[in-house]
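Please read them with the structure open.

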Amino acid sequence: MIPIPNSSESPLLDVKEKGEDTDRSPCVLGIIPLIYYSILLCLGLPVNILTAVALSRLASRTKKSSYSYLLALTTSDILTQIFIIFVGFILQTVILHREVPNAFVHMVSVLEFSSNHASIWATVALTIDRYFALCYPLQYRAFSYPERTRRVILSVFLSAFVTGIPFYWWSDVWRDSRKPSLMDRILKWVHCFMIYFIPCTIFILTNSIIIYRLRRKTKIKKYKLHIGKTTAILLGITTVFIVLWAPRTIVIIIHMYVSSVNKDWKVHLAMDISNMLALLNTGVNFFLYCFVSQRFRDIVWEILRVPRLCVTEGKQVHNESFSDSTPKPVVIQMGTAF
């Protein structure tokens, strides 16, 4: 090892850093990530803001907890796009070329992980809320009310910020060529469990129970199974999350034990693609809401001030949720918020 004076301005240090830069794996995708994230930000941020306005109107009109949880999810998605895509990638990496103080980098990491945790655990709160609404409808009416929903959402955001603080010491995988230390591995395993393994376990278990209970009740009452719109949205959100976040979780584990991003272009490429897929999750919920919910589409048209063809409300609801020859079961109606 070449002895280097204890100074950040040392020319020898600059030469060493330049030498390390030449050894780093190249970005195979080139300018594609910049184009992708720019499009995702320019399209996803306005769409999420529109979604937040629509959900806030629905929440204020109906006082349903599901709208409040979806609004919290949308708000956290907006924060994720601002902190991760704009500040973390476009501003810090592309515009400033990472020429920023380390303290700023670490503070941005805290905000990135906090917004990420809030987005995922708001979905967990929605999943648990739907579970009790569908499986225990009578008890659900007793403990689910706007004040408690707001307290749960506030707790989710506070917990997300607190759990994001330890990631101030998250290592920069793009610049650190050294092997992950014990602290790095602990943080990465905690991250994988908090953002993927634990939430996915909750999603799979609760969704399986919900579908099983609905099938059982409809079979006993000889009704054709129809899943309510809120339940359909929940299944769609959780399924998209499980699919889009799986590659990133796998790549993080590979990075810990197999190879470094700095030395292996294949891991570099895998990390780029997995991050792009994971962040795509912040921009797709609007289209899912529009596809499933007539009421949400009406609110969006109302916000945009676009005239629509008149459709008989009773006929539309009837066609969306039930067949012509099937009466509407009480149990499924209680689980339908949209």
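1. How many aromatic pairs does the structure hold? The structure holds 18 of them, where rings of Phe, Tyr and Trp (its six-membered ring) pair if their centres lie within 6.5 Å. This is a predicted model, in which local features need pLDDT of at least 70 and side-chain atom pairs pLDDT 80 or more, while totals for chains, interfaces and linings use all residues. Residues are numbered from 1 along each chain as its sequence is written, and side-chain values use heavy atoms, with hydrogens and water left out.

2. One of the pairs joins Phe 203 and Phe 241, with 5.8 Å centre to centre and 90° between the planes, which makes it edge-to-face (planes over 60 degrees apart). Because Phe 203 lies in helix α7 (residues 182–220) and Phe 241 in helix α8 (residues 229–257), the pair ties together parts that are 38 residues apart in sequence; helices here are DSSP runs (H or I, at least four residues), numbered from the N terminus. Phe 203 counts as buried at 1% relative accessibility, as does Phe 241 at 4%, buried being under 20% relative accessible area (1.4 Å probe, protein chains only).

3. Ring pairs also link Phe 203 and Phe 241 into a cluster with Trp 189, Phe 193, Tyr 196, Phe 197 and Trp 245.

4. Two charges sit over rings (NZ of Lys or CZ of Arg within 6 Å of the ring centre and within 35 degrees of the ring normal): Lys 188 lies over the face of Trp 170, 4.6 Å from the ring centre, and the charged end of Arg 213 sits over Tyr 136, at 5.6 Å.

How values were computed. Phe/Tyr/Trp six-rings, centres within 6.5 Å; stacked < 30°, edge-to-face > 60°. Helix = DSSP H or I, 4+ residues; strand = E, 2+ residues; numbered from the N terminus. Buried < 20%, exposed > 50% of the residue type's maximum accessible area, 1.4 Å probe, protein only.
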